[in-house]
Amino acid sequence: MSTTTQTRPRSRFRRGAVLAATTLALVGGALAIAPTASAVDSSGCNSAWYYLNGHINTNGVNLRSGPSTRYSSKGVLSKGTRTYIYCYRDSSKDAWDYIKVTSGANKGVKGWVRHDLNNWW
C-alpha cells in the first residue's frame, strides 16, 4: 500500500514536468523562428524631406530603429528633448517621424518616433 501511495504523486509530478517541458520547447521553438524587424533608416520615409526642428511632447517616448512598435527601442526620450526632423512615414494606421536627437541622453542618435509625440517648433 505504501508503494501505491508513493507512485501516484511521482506519476502526476512526472506528467506535469513532461507537459511543462513540451510547452516550453514548443513556445521557445516558435520564438526562435519568428522573424525580427531590421533597422530602417531614412529610406523608410514616404514623404517629402522637411529639415525641421522639433521637440518631444511627452515623457517616455521610444526612439525606435524603424517606423513601427515592432522595431526595437534605441532609447527613451523625455518631454522637451529636441529633435531634428528629416522626413516621415505615413501609413493607413499611423505616422512616424525619422529624426536625429539634438539634446539629452540620446543626443546624435537617429531613429523613428511616432509623429503625434514629436512637435515642430
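**Figure 1. Overview of the chain.** Of the 121 residues in the chain, 27% count as buried. The model shown is predicted. One helix and seven strands make up the secondary structure of the chain, and their order along the sequence is α-β-β-β-β-β-β-β. Among contacts with a separation of 6 or more, 55% are between residues 24 or more positions apart. The accessible surface of the chain amounts to about 8,100 Å², and carbon and sulfur atoms contribute 55% of that surface.

**Figure 2. The disulfide between Cys45 and Cys87.** The structure contains one disulfide. A disulfide is a covalent bond between the sulfur atoms of two cysteines. In this model the sulfur atoms of Cys45 and Cys87 lie 1.7 Å apart. Cys45 is located in the loop between α1 (2-33) and β1 (52-56), whereas Cys87 belongs to strand β4 (residues 82-90). The pair thus joins distant parts of the chain, 42 residues apart. The torsion about the S-S bond is about 50°, and the disulfide is therefore right-handed. Cys45 has a relative accessibility of 15% and so counts as buried, the cut-off being under 20%. Cys87, with a relative accessible area of 0%, is buried as well.

**Figure 3. The largest nonpolar core.** In soluble globular proteins, nonpolar side chains tend to be buried together. The largest nonpolar core of this model consists of nine residues: Ile56, Val61, Leu63, Leu77, Ile85, Ile99, Val101, Val113 and Leu117. Strands β2 (61-64) and β5 (95-101) each provide at least two residues of this core. Another core, of six residues, lies apart from it and includes Tyr86, Cys87, Tyr98 and Trp112.

**Figure 4. The surroundings of Val113.** Val113 is a member of the largest nonpolar core. When neighbours within four places in sequence are left aside, Val113 is in contact with Ile56, Val61, Leu63, Leu77 and Ile99, among others.

**Figure 5. The salt bridge between Arg114 and Asp116.** The structure contains one salt bridge. The side chains of Arg114 and Asp116 form this pair, with an N to O distance of 2.7 Å. Arg114 has a relative accessible area of 32% and is partly exposed. Asp116, at 45% relative accessibility, likewise counts as partly exposed, because that class lies between the cut-offs for buried, under 20%, and exposed, over 50%.

Notes:
Residues numbered from 1 in each chain as written. Predicted model: local features only at pLDDT ≥ 70, side-chain atom pairs only at ≥ 80, totals over all residues. Heavy atoms only, no water. Helix = DSSP H or I, 4+ residues; strand = E, 2+ residues; numbered from the N terminus. Buried < 20%, exposed > 50% of the residue type's maximum accessible area, 1.4 Å probe, protein only. Contact = heavy atoms within 4.5 Å. Areas by Shrake-Rupley, 256 points an atom, 1.4 Å probe, with all protein chains shown as cover. Disulfide = S-S within 2.5 Å. Core = buried A, V, L, I, M, F, W, Y, C linked by side-chain atoms within 4.5 Å. Salt bridge = Lys/Arg side-chain N within 4 Å of Asp/Glu carboxyl O.
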